[in-house]
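Dear colleague,

I am passing on the structure below, followed by some notes on what was found in it. Please read the notes with the coordinates open.

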Amino acid sequence: MPFQFLGTSGAVPSAARDNTALVFYSAEDTVLVDCSGSPYQKILKAGLDPMRVTSLIVTHRHVDHLYGIPSLAHNMGLAGRRAPLHIYALPETLPILNGFLDLFPLEEKMPYRIVLHEVPPKEGYPVLQAQGFRIQSTPVKHGAPNIGLRVEFASPQERGVVVYSGDTSPCPSLIALARGADILIHEATFLHSDAARAASDGHTTGYQAGEVATQARVKRLFLCHFEARLHDHVEDLRREARQTYSGPVEIPGEFQEYRASA
Ligand SMILES: [Zn+2]
Ligand SMILES: [Zn+2]
């Protein structure tokens, strides 16, 4: 316990890495962050029970972060789920989620309800309280309205703070959210030689992710959301981040269990 990557790639996946998505959990509660690929299967591959997923937080409306939702909702229904599934998203993302429900009539004949919750774009907004951890959000800087998340674990089994940047350019609100965290998971879509493209697309380079980690004084940095071209060269991203951050830099594997404490 308490978190895994269900994917680590940018918008285009490769045979080795799928679109970035995460799962945070305690013994009692499981919360998904973004939803891509075959999410039901991914939850099983993570060794978790899809029926224990209480909530899904959708960071933003870009396709690579939410296209798995119809499949997840359908699979949960066919598998006999009864408990409601709570989905949290920014106001700009909710029409897409409602569109999914209209397009596939997912709730017709479903034995459970999908409950949508609006997340206002406020700094330090308390999104949800799960058993053993709580999650806050803060707006970040991307091509679409987006949020970063701060997950605070406080249970006898797990203590620690993990912050996830979402898709973003380096931004002060995220640095504030990540202040002193045990782990900062920051996107590093590009190498710094593509810094201009990173800036125009609302992304971050490995070099910049290291700067953010240093400014936020986090204990450990995890990189993710790698563009497909870099999947065979992830060590280059790590090397860049080490130029600007002296702590440990992790290139996470998918379906590997990580602890919140540094
Ligand atoms: Zn993305
Ligand atoms: Zn995006």
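**Helix packing and a few backbone details**

The crossing of α6 and α7 is right-handed, where a crossing counts as right-handed if the near helix is turned clockwise from the far one by less than a right angle, and as left-handed if anticlockwise. Please bear in mind that this is a predicted model, in which local features need pLDDT of at least 70 and side-chain atom pairs count only at pLDDT 80 or more, whereas totals for chains, interfaces and linings use all residues. Residues are numbered from 1 along each chain as its sequence is written, and chains are lettered from A and ligands numbered from 1 in the order in which they are written. Helices (H or I, at least four residues) and strands (E, at least two) are DSSP runs, numbered from the N terminus.

Two packed helices are described by the angle between their axes and the distance between the axes. For α6 and α7 the angle is about 40° and the axes are 7 Å apart, the axes being lines fitted to C-alpha atoms over the stretch in contact, with angles running from 0 to 180 degrees between N-to-C directions. The two helices α6 and α7 are therefore oblique to each other; angles under 35 degrees count as roughly parallel, over 145 as roughly antiparallel, 65 to 115 as roughly perpendicular and the rest as oblique. On the α6 side, Gly-206, Tyr-207, Ala-209, Gly-210, Glu-211 and Thr-214 meet Leu-237, Glu-240, Ala-241, Arg-242, Gln-243 and Thr-244 of α7, contact requiring C-beta atoms, placed from the backbone, within 7 Å of each other.

Helix α6 (residues 206-216) is largely enclosed by the rest of the structure, because eight of its eleven residues are buried. A residue is buried if 20 or more other C-beta atoms lie within 10 Å of its own, exposed if 12 or fewer, and partly exposed in between, with C-beta atoms placed from the backbone. The buried residues of α6 pack against α4 (172-178), β11 (183-187), β12 and α7. Just after α6, Arg-217 takes a positive phi of about 55°.

In α7 (residues 234-244), the buried residues are Leu-237, Glu-240 and Ala-241. Seen down the axis of α7, these fall within an arc of 95°, so they line one face of the helix; the arc is that of the directions from the helix axis to the C-beta atoms. Glu-235 and Gln-243, on the other side of α7, are exposed. The buried residues of α7 pack against α6, β12 (221-224) and β13 (249-250).

Helix α2 (residues 69-78) has Ile-69, Leu-72, Ala-73 and Met-76 buried, and they cover an arc of only 95° around the axis, which puts them on the same side of α2. What covers these residues includes α1, β5 (85-89), α3 (94-103) and β6 (114-118).

Asp-34, in the loop between β3 (30-33) and α1 (39-45), has a phi near 70°, a positive value in a residue other than glycine, and is buried, with 27 other C-beta atoms within 10 Å. His-225, in the loop between β12 and α7, has a positive phi of about 60° although it is not a glycine, and is likewise buried, with 27 other C-beta atoms within 10 Å.

With best wishes

Conventions:
Contact = placed C-beta atoms within 7 Å.
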